[in-house]
Amino acid sequence: ELPVLDHVSLEVGKGEIVSVVGANGAGKTTLLLTISGHLRAFSGRVTFEGEDITKIPAHEAAPRGVVMVPEGGRLFPFMTVLENLELGAYNKVARAQRQQTLARVFDIFPMLAERRDQLAGRLSGGERQMCAVGRALMSLPRLLMLDEPSLGLAPIMVDKLFDSVHSLVASTGLS
């Protein structure tokens, strides 16, 4: 019931990468959860592409292009990599483009193509994070938010993940 965020204002332009940095408990995750519709704002508003999405729940925000990858990715460990990726294409527009988007995700993360039939629970931490980002990409986001994307990853995997994100933004204009 206590407000965690107060007087927060930020703007993210198309093709821009923005990082929110702060101590544990500072409200970074709360901010992302509020923007993505998983939490309700007590006051203020969230706008996306000129539309007020403050009261829109996450299941309605995602088809509009507002997508969040939660801390740890939260994959379904007893489903394959491919099944986890396909879950991301649940909205009508994404479903219609599922095969093209899947090919693009495999181009960005070739390791996922190699492990498509492997259970997601058997992936390394970095591979799990890439799969979670790939699943988010399957929903055709226009705003992609990553919560703690490098948490627990080896430095080489952090570099690989961020290189992939930079390439993705450069090639699509994604925010």
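Which residues are buried in helix 7? Let me start there, and a quick reminder as we go: this is a predicted model. The buried ones are Gly126, Glu127, Gln129, Met130, Cys131, Ala132, Val133, Gly134, Arg135, Ala136 and Leu137. As for its geometry, helix 7 reaches 18 Å from its first C-alpha to its last, close to the 18 Å expected at 1.5 Å a residue.

Leaving out residues up to four places away in sequence, Val133 touches Val69, Phe109, Leu144, Leu146 and Leu161. Val133 also belongs to the largest nonpolar core, which has 33 residues. The members that touch the most others in that core are Leu85, Phe109, Leu112, Val133 and Leu144. Which elements supply at least two residues each to this core? They are strand 3 (66-69), helix 3 (81-87), helix 5 (98-108), helix 6 (110-114), helix 7 (125-137), strand 4 (143-146) and helix 8 (155-172). There is also a second, separate core of 12 residues, and Leu32, Val46, Phe48 and Ala61 are among them. For background, nonpolar side chains tend to be buried together in soluble globular proteins.

While we are in this part of the model, have a look at Thr101 in helix 5. Is Thr101 buried or exposed? Thr101 counts as buried, because its relative accessibility is 5% and the cut-off for buried is under 20%. Apart from residues up to four places away in sequence, Thr101 touches Leu137, Met138 and Leu140.

That brings us to Leu140, which sits in the loop between helix 7 and strand 4. The phi of Leu140 is near 60 degrees, a positive value in a residue other than glycine. With a relative accessible area of 24%, Leu140 is partly exposed. His7 also has a positive phi, of about 55 degrees, although His7 is not a glycine. You will find His7 in the segment before helix 1, and at 77% relative accessibility His7 counts as exposed.

Next, the charged pairs. How many salt bridges does a search of the whole structure find? The search finds four. In general, side chains of opposite charge can pair when their charged atoms come close.

Take Arg142 and Glu49, whose side chains meet in a salt bridge at 2.8 Å, N to O. Arg142 lies in the loop between helix 7 and strand 4, and Glu49 lies in the loop between strand 1 (47-48) and strand 2 (51-52), so this pair ties together parts that are 93 residues apart in sequence. At 38% relative accessibility, Arg142 counts as partly exposed, whereas Glu49, at 56%, counts as exposed.

Another salt bridge joins Glu51 and Arg64, with the closest N and O atoms 3.1 Å apart. This pair links distant parts of the chain, 13 residues apart, with Glu51 in strand 2 and Arg64 in the loop between helix 2 and strand 3. Glu51 is partly exposed, with a relative accessible area of 33%, and Arg64 counts as partly exposed at 28%.

Then we have Glu114 and Arg115, whose closest N and O atoms are 3.7 Å apart in their salt bridge. Glu114 is exposed at 64% relative accessible area, while Arg115 is partly exposed at 24%. Salt bridges that share partners join Glu114, Arg115 and Glu127 into one network.

Pro63 is partly exposed, with a relative accessible area of 40%. Beyond neighbours within four places in sequence, Pro63 is in contact with Tyr90 and Asn91. The C-alpha atoms of Pro63 and Ser139 are separated by 7.2 Å, and these two residues are 76 residues apart along the chain.

Last stop, the surface. Which residues form a nonpolar patch there? They are Val8, Leu10, Val12, Val18 and Val20, with about 360 Å² of accessible area together. Val8 lies in the segment before helix 1 (28-35) and counts as partly exposed at 46% relative accessibility.

Definitions and conventions: Residues numbered from 1 in each chain as written. Predicted model: local features only at pLDDT ≥ 70, side-chain atom pairs only at ≥ 80, totals over all residues. Heavy atoms only, no water. Patch = residues over 30% accessible without salt bridge, like charges linked within 9 Å, V, L, I, M, F, W, Y side chains within 5 Å. Areas by Shrake-Rupley, 256 points an atom, 1.4 Å probe, with all protein chains shown as cover. Helix = DSSP H or I, 4+ residues; strand = E, 2+ residues; numbered from the N terminus. Buried < 20%, exposed > 50% of the residue type's maximum accessible area, 1.4 Å probe, protein only. Core = buried A, V, L, I, M, F, W, Y, C linked by side-chain atoms within 4.5 Å. Contact = heavy atoms within 4.5 Å. Expected span 1.5 Å × (residues − 1).
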